[in-house]
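Morning, everyone. Please look at the structure on the screen, and then I'll walk you through it.

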Amino acid sequence: MDFANLLIQLLNSLQYGLLLFMLAAGLTLIFGIMGVVNLAHGSFYMLGAYLAWFLVGQFNSLVVAIVLGTMLAVVFGWLLEWLLFRHFYKRDHLDQVLLTFGLIYIFEEMRSILWGDDVHSVPVPEMLNWSIPLTDNLSYPVYRLVMSGVCVALALGLYLLISKTRLGMKIRAGAFNREMTESLGINIRLIHGVVFALGVALAAIAGMIAAPISSVYPGMGSSVLIMCFVVVVIGGIGSVRGALVAALLVGLVDTFGKVLVPQIAGMAVYMLMALVLLYKPEGLFKQ
Amino acid sequence: MTTRRIVLTRSAAVIGAASSGLLLPQIVRAQSNKVRVGFMLPYTGTFAQLGAAIENGFRMALNEQGGKLGGREVEYFKVDDESNPAKGIENATRLVQRDKVDVLVGTVHSGVQMGIHKVARDTGVLNLIPNAGVHIATRAQCAPNVFRTSFTNSQPTLALGKAMVANGHKKAVWITWSYAAGDEAFEGFEQSYTAAGGTIMKKLGLPFPNVEFQALLTEIASLKPDAVACFFAGGGAAKFMSDFAAAGLNKSIQLYGSGFLTEGVLEAAGPAANGVLTTMHYGDSLNTPRDKQFRLEYAKAFKLQPDVYAVQGYDTGLLLIKGANAVKGDLNNKKALYAAMEGAVIDSPRGKWTMSKAHNPIQDMYMRKVENKENKVIGIAQKAVADPATGCRMG
């Protein structure tokens, strides 16, 4: 493999890894802070992608779609937490798994009723629809670079929010000791709503920016959900930093696995997970 | 008047029989002289349009006979198989046991087909496969009561390799989803391409139905092959052609594929599909009198343009008509029925074809080029392509 090809494949890995991180961060935040195992997280990704397709059709602009779509996702997440999830914080994990597994079916059905079962494509915005030539026949699409940039910006924002702001401090305190935090007069219910909506928004944004490159299709949430769980397990359940490292690692293994040993393309990531579990059963960054 | 009276008396008889403890379906069957045809096709989901086209084609063939089979009226039963392999056996059993169908027509998805296949082998019910190309149904597990009117997954690609080398494309990369249909399509390609003197530089794959092709397209660009050959279908196919063009590969590398690459997705793929070459047993512009007549009649009947799936459904009907006419509607005369179907020459819109010993069409494969959202037939890639039928012992 020559240098230019290697460089592009590294960019491909990074872009896939960052996208996975957006999803896994929300998943692991919701688990780490509220203790909820959310199997429906992939559905939020699918929701994002379908929203992107629907809104681009209405407004003819991906930026407008993403802004509007994010707001809708936040409202949706907030409502869902208020109506459903908050009743399940103290329940057994098995109850949560059943609830969120059921939700997957409900969301799929709603998607089918609202938007049908067809495969859709979202065009890459005109302005970003070009490639940077790296050698005579290798080039890298600008849209993917921008995508990676957006993911990095959001990851940075998330880091600052959690480690540097008052809200972040309260979130961390609530995750550490719920009763103590409540007794200090902090509205933990509100905090949970915020965190859940944040997680949903991250997944939906991932779905929206991925829509032009991955197309929009029924069941798209489930395949990505499995990858998210792999990332969370490798990174250590509840650790956002672990999710970042694991997502980048999964991106690398998946991309180079596909290219170098296509025979095991589907397995490479699981083999990585098995290896990690063998030596670090609690994941790389257990808190 | 008489019919109403007959219905009433029959209903009374049936209710009486049921209440006296006899099984209802058997009574109904004994009293009706209709041929029972069961459709087990996808009516919802990704393949819904395919299921509808197959049923349309089948009904059209029978309607040309006044809706009759060997002189007998036909009664239809329908089950949506949802393209869900997990429900394959259950759905097929329902049609055979509960509805007592004489013929089971289905299906599209190869995984579901394996469920139907098990039921067909266990019960001996006549099964006509209008699409699914899974090899084993007409190879190691071929059966006297199972007939396919479509293709095997490797049949289109068996005709691909020679044509590619003839076009001067001697170094190729193969890419597909890593699942049964992709592997089977590769088998045909590998055989014909290497036999013609071509070299397969690399075989790339990604999990089904993943559509993130970027890493693989980068790899293709760095390998610099003369051509890329592939097997994709449905939404993933449209996405692959778009991404292939977006990466700039279509300027220097000719894209070839099994015909499913461009079936039903040309609208979605847009200009990215222009110039793509595929091999298939049908094309939109065959321009034979037989095909023109079929297309006109189909368009009149269903207000839709027919596609390869409609043709396959139509041919399924034609095959059954040949069989039923030979036994004058007595589908229980299996020996004569199967013999007639085995010997049938089907005058199809795709061109005349015959049934192989393993019950799969021996048919011409066309070379098609995408031009303005149409699969233009530009020649015959190979005449009378037969599946090798490896391991089939009909006994």
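First, a term: contact means heavy atoms within 4.5 Å. By that rule, B:Thr262 touches B:Met241, B:Val276, B:Thr278, B:Arg368, B:Val370 and B:Asn375, leaving out residues up to four places away in sequence.

Some ground rules. This is a predicted model, where local features need pLDDT of at least 70, side-chain atom pairs count only at pLDDT 80 or more, and totals for chains, interfaces and linings use all residues. Residues are numbered from 1 along each chain as its sequence is written, chains are lettered from A in the order in which they are written, and side-chain values use heavy atoms, without hydrogens and water.

Back to B:Thr262. Is B:Thr262 buried or exposed? B:Thr262 counts as buried because its relative accessibility is 0%, and buried means under 20% relative accessible area with a 1.4 Å probe, protein chains only.

Now the interface. The contact takes 28 residues from chain A and 24 residues from chain B. About 2,000 Å² is buried between the two chains, 52% of it on carbon and sulfur atoms. Buried area is the accessible area (1.4 Å probe) that two parts lose on being put together, summed over both.

How many salt bridges cross the interface of chain B and chain A? The rule finds 1. A:Arg144 pairs with B:Glu212, their closest N and O atoms 3.0 Å apart. The rule asks for a side-chain nitrogen of Lys or Arg within 4 Å of a carboxyl oxygen of Asp or Glu.

Methods: Buried means under 20% relative accessible area, exposed over 50%, partly exposed in between (1.4 Å probe, protein chains only).
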